[in-house]
Amino acid sequence: MSDSFYKQIDGNKYSRRLLDKADELVAGKGDGRISEDDAAALYDTLENDGKYTDLEKDTIAYIRRNYRWTDAGDAYLRGAIRSWAGKRGADK
């Protein structure tokens, strides 16, 4: 594992931490899709920083486009992020 915070793919920077987590979640188990439980673990990794930066938004978008998801996993992550963003907006 690299010490760099970023992982560059096709000239774009992404969060290495989130990509590594997604890779860990699909490696060697199940059918290789991100399930609802996996999505919860990915969200926990995201929420741990307490912020949702443009880098993290781009990384989540990349993961959603390039990894295989169950319908429940995709719905969970989208809902969790939407709820978190709503709470953070209300706190401002």
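By contact I mean heavy atoms within 4.5 Å. Keep that in mind for Thr59. This is a predicted model.

Start with Thr59. Thr59 sits in helix 3. Leaving aside residues up to four places away in sequence, Thr59 touches Tyr14, Ser15, Leu18 and Leu19. Is Thr59 buried or exposed? Buried: its relative accessibility is 0%.

Now the overall layout. The protein chain has four helices and two strands. Along the sequence the order is β-β-α-α-α-α.

Next, dimensions. The C-alpha trace spans about 40 × 30 × 20 Å along its principal axes. What radius of gyration does the protein chain have? The value is 13 Å. A compact globule of 92 residues would have one near 12 Å, so the two agree.

Burial and contacts. Of the 92 residues in the protein chain, 35% are buried. Take the contacts between residues at least 6 apart in sequence. Of these, 64% join residues at least 24 apart.

The surface. The protein chain exposes about 5700 Å². Carbon and sulfur atoms supply 43% of that area.

Charges now. The protein chain carries 17 positive and 18 negative charges. Their mean positions are 4 Å apart.

On to salt bridges. How many does the structure hold? Four. I will go through some of them.

Take Glu56 and Arg17. They form a salt bridge, with the closest N and O atoms 3.1 Å apart. What does this pair tie together? Glu56 lies in helix 3, residues 54-66, and Arg17 lies in helix 1, residues 16-26. The pair therefore ties together parts that are 39 residues apart in sequence. Look at the burial of the two partners. Glu56 has 2% relative accessibility, so Glu56 counts as buried. Arg17 is partly exposed, at 26%.

Stay in helix 1 for another pair. The side chains of Lys21 and Glu24 meet in a salt bridge, 3.3 Å from N to O. Lys21 and Glu24 both lie in helix 1. They are three residues apart, about one turn of the helix. Is Lys21 buried or exposed? Lys21 counts as buried, because buried means under 20% relative accessible area and Lys21 has 19%. Glu24 is partly exposed, with a relative accessible area of 49%. The cut-off for exposed is over 50%, so Glu24 stays in the partly exposed class.

Then Asp31 and Arg33. These two form a salt bridge, and their closest N and O atoms are 2.8 Å apart. Asp31 is partly exposed, with a relative accessible area of 39%. Arg33 counts as partly exposed too, at 33% relative accessibility.

Last stop, a backbone point. Where does Asp10 lie? Asp10 is in the loop between strand 1, residues 6-9, and strand 2, residues 12-15. The phi of Asp10 is near 50°, a positive value in a residue other than glycine. Most residues other than glycine have a negative phi. Asp10 is also exposed, with a relative accessible area of 74%.

To recap, with the structure on screen. Thr59 in helix 3 is buried at 0%. Glu56 in helix 3 pairs with Arg17 in helix 1. Asp10, in the loop between the strands, has the positive phi. That is the tour.

Key. Residues are numbered from 1 along each chain as its sequence is written. This is a predicted model: local features need pLDDT of at least 70, side-chain atom pairs count only at pLDDT 80 or more; totals for chains, interfaces and linings use all residues. Side-chain values use heavy atoms; hydrogens and water are left out. Buried means under 20% relative accessible area, exposed over 50%, partly exposed in between (1.4 Å probe, protein chains only). The radius of gyration is taken over C-alpha atoms; the globule rule is 2.2 Å times the number of residues to the power 0.38. Accessible areas come from the Shrake-Rupley method with a 1.4 Å probe; for residues, only the protein chains shown count as cover. Lys and Arg count as positive and Asp and Glu as negative; His and the chain ends are not counted. The place of a charge is taken as NZ of Lys, CZ of Arg, CG of Asp or CD of Glu.
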